[in-house]
Amino acid sequence: MTILCVRFQLPSAHEAAFPELLGLLEEFTPVVEALPPDGALADLRGAERYFGRGAAELASVIRVRALALHGVDCVIGAGPGPMLARVAQRSARPGATCAVSADEARDFLAGKPVAVLPGVGAATARTLCEYGLDTLGRVAAAPLSTLQRLVGAKGGRELHEKANGVDRGRVVPNAVSRSLAAEQPFPRDELDPVRHRRALLSAGEELGGRLRAMGKVCRTLTLTVRYADRSSTTRGRTLGEPTAHSADLTRTAYSLYEALGLQRARVRAIALRAEGLGPADRASHQLTFDPDDEKARRIEEVADRARAKFGPRAVMPGGLAA
């Protein structure tokens, strides 16, 4: 077990601490891959030899340091590769590391739903389930030719290998992209899709306002839905053009949410993250000659001035005065 997947239990108000937490991991290994908004992969092969400790022991040290230095707990999974480490992390609990060895991988994966695999989206999971391949154990036992007919030659081969515990991935060091996040927690686990959409509207309005106040636009929008069982789903999309327009951000957020196909999901929080930030004065904007769009942008300008003068609560989501 040489790869750790670390998910920091990071409140949105402390999101600025994420780079510092990545720095904590880099004290053990230079091979760290950031998984915004709150996760990372770390390859500890060199660290195991240097410190004379296994990955699970090093994970305990990382957890203690994160708590002592930043007041942040973390959930950690360990495995021989990035895929197994990420799946293990989803089965872990705060205060304990879920470690899976190469010999245990197939049995560990067998009873898990196909959607737990990184890269298996809602559409692929739905297709597999329609044919009775709802668990990784059943996928592993299915003929390779069947999987390739269902999800394509390359996708079927990769799915078959992963379900059998074969993890060919590697940790690719990267930098934290410049980003901005807005999270909308619910007072209790929320089942109502209407309230989910209201949270998306509020997050889109907040992100747009903050981007415009900074003179920035974003190129990518990422949606993270956190569930009652502490698991989460993250999906991202590159925008048609860089923007800070709240309506564009909200429409994209709605589209990402609808693509998840959630049914009776107990949602604890919804977060949007704007990534790939750049200066607004260098961004191009495609003229639409749409009077409704121009009206929305003028209302946005008025709302921004009201927020600047009276504070962030001066305007309700949708650009209406409070």
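The structure is a predicted model, in which local features need pLDDT of at least 70, side-chain atom pairs count only at pLDDT 80 or more, and totals for chains, interfaces and linings use all residues. Residues are numbered from 1 along each chain as its sequence is written, and side-chain values use heavy atoms, with hydrogens and water left out.

The chain holds 12 helices and 12 strands. These elements are DSSP runs numbered from the N terminus (helices: H or I, at least four residues; strands: E, at least two). Of the 322 residues in the chain, 43% are buried. Buried means under 20% relative accessible area, exposed over 50%, and partly exposed in between (1.4 Å probe, protein chains only). The accessible surface comes to about 16800 Å². Carbon and sulfur atoms account for 51% of that surface. Areas come from the Shrake-Rupley method with a 1.4 Å probe; for residues, only the protein chains shown count as cover.

The whole structure contains 2 aromatic pairs. Rings of Phe, Tyr and Trp (its six-membered ring) pair if their centres lie within 6.5 Å; planes under 30 degrees apart count as stacked, over 60 as edge-to-face and the rest as tilted. F28 and F51 form a tilted pair, with 5.7 Å from centre to centre and 50 degrees between the planes. This pair links distant parts of the chain, 23 residues apart. F28 lies in the loop between α1 (18–26) and β2 (32–35), and F51 in helix α2 (residues 45–51). F28 is buried, at 10% relative accessibility. F51 is partly exposed, at 36%. F51 also pairs edge-to-face with Y50, at 5.0 Å centre to centre and 85 degrees between the planes. Y50 is exposed, with a relative accessible area of 69%. F28, Y50 and F51 make up one aromatic cluster.

Charged side chains also meet rings. A charge sits over a ring if NZ of Lys or CZ of Arg is within 6 Å of the ring centre and within 35 degrees of the ring normal. The charged end of K112 sits over the ring of F108, 4.6 Å from its centre. That of R197 sits over the ring of Y254, 3.9 Å from the centre.

The largest pocket has a volume of about 1400 Å³. It is lined by 45 residues; closest to its centre are R90, Y227, S231, S232 and T233. On a 1 Å grid over the protein atoms alone, a pocket is an open set of points where a 1.4 Å probe fits, with protein on both sides within 12 Å along at least five of seven lines; lining residues have an atom within 4 Å of a point. Elements giving two or more residues to the lining include β1 (3–8), α6 (122–130), β6 (179–190) and α4 (82–91). α4 gives the most, with 5 residues.

Two arginines lie in loops. R53 is in the loop between α2 and α3 (55–70). R53 is partly exposed, at 40% relative accessible area. Beyond its neighbours within four places in sequence, R53 contacts E48, L58 and V61. R264 lies between α11 (246–260) and β9. R264 is exposed, at 67% relative accessibility. Most residues other than glycine have a negative phi. The phi of R264 is positive, near 55 degrees.

Definitions and conventions:
Grid points are joined across faces, edges and corners, and a volume is the space filled by probe spheres set on the points. Contact means heavy atoms within 4.5 Å.
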